[in-house]
Amino acid sequence: MAEARLPKPSRLDWMLQPARDVFRGLEAAIDRRGAPALAWMLLGLVLSFWLYVPVHELSHAFACRAAGGEVWELEVAPLYGGALLARWFPWVVAESEYAGRLSGFSTGGSDFVYLATVFGPFLFTVFPGVWLLRRASVTGGAGAFGASLPWALAPFLSLTGDAYEIGSIVPTWLPAWSAPETSALLRGDDGFKIAP
């Protein structure tokens, strides 16, 4: 008897998996609880985002320091606990034009430290993010599903921010883009400000 083999997922299947997970979670929560589930999802999303922002920004700082860099200023808006964090960490400033931003740091010229600094918060994408999103999709927990979204979808939410910054570092290793003046034009944490 021949062993049955499952078809190998295509690249398109792999790329569409995050959207499928989100829609499956929405469907599970709404099918089980109807309209009140939307309110629970929204509450979970808002509370989780409020927690996600300072954790995300602190993760940049801790990743920078863990990789050998220095941090002297992390901006966190007061709405997201900037004043409270400033009491605990001398390098946190309770103001920002963004929700938060690591504005004063040094990588010592190391792209490894730079990549680690930018990538740090994405460690939370797989756990608790995707884990909680998939669990809530199975159980139909609307609040938990909403709470999972900022964590699980962080790479997509930051396409013009941190994800852009990670993507802007690698091309500057190529000879055509490696000159300091060219590199400075590409690298940054706000794709909208860098775009011509």
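Author: Happy to! Trp 40, Leu 43 and Leu 47 together make a nonpolar surface patch of about 330 Å². Please keep in mind that this is a predicted model. Leu 47 has a relative accessibility of 52%, and because the cut-off for exposed is over 50%, Leu 47 counts as exposed.

Now to the helix, α5, which runs over residues 123-139. Still, α5 has a kink of about 30°, centred on Gly 129. Gly 129 is also one of the buried residues of this helix, along with Thr 125, Leu 133, Ala 136 and Ser 137. An α-helix has 3.6 residues a turn, so residues three or four places apart point the same way. What do the buried residues of α5 pack against? Their partners are α1 (11-33), α6 (142-152) and α7 (154-157). Just after α5 comes Gly 140, with a positive phi of about 80°.

One last stop, in a loop: Thr 107 lies between β3 (100-106) and α4 (111-119). With a relative accessible area of 17%, Thr 107 falls under the 20% cut-off and is therefore buried. Leaving aside residues up to four places away in sequence, Thr 107 touches Val 113 and Tyr 114.

Definitions and conventions:
Residues numbered from 1 in each chain as written. Predicted model: local features only at pLDDT ≥ 70, side-chain atom pairs only at ≥ 80, totals over all residues. Heavy atoms only, no water. Helix = DSSP H or I, 4+ residues; strand = E, 2+ residues; numbered from the N terminus. Buried < 20%, exposed > 50% of the residue type's maximum accessible area, 1.4 Å probe, protein only. Contact = heavy atoms within 4.5 Å. Expected span 1.5 Å × (residues − 1). Bend = angle between axes of the 7 residues up to and from the residue. Patch = residues over 30% accessible without salt bridge, like charges linked within 9 Å, V, L, I, M, F, W, Y side chains within 5 Å. Areas by Shrake-Rupley, 256 points an atom, 1.4 Å probe, with all protein chains shown as cover. Salt bridge = Lys/Arg side-chain N within 4 Å of Asp/Glu carboxyl O.
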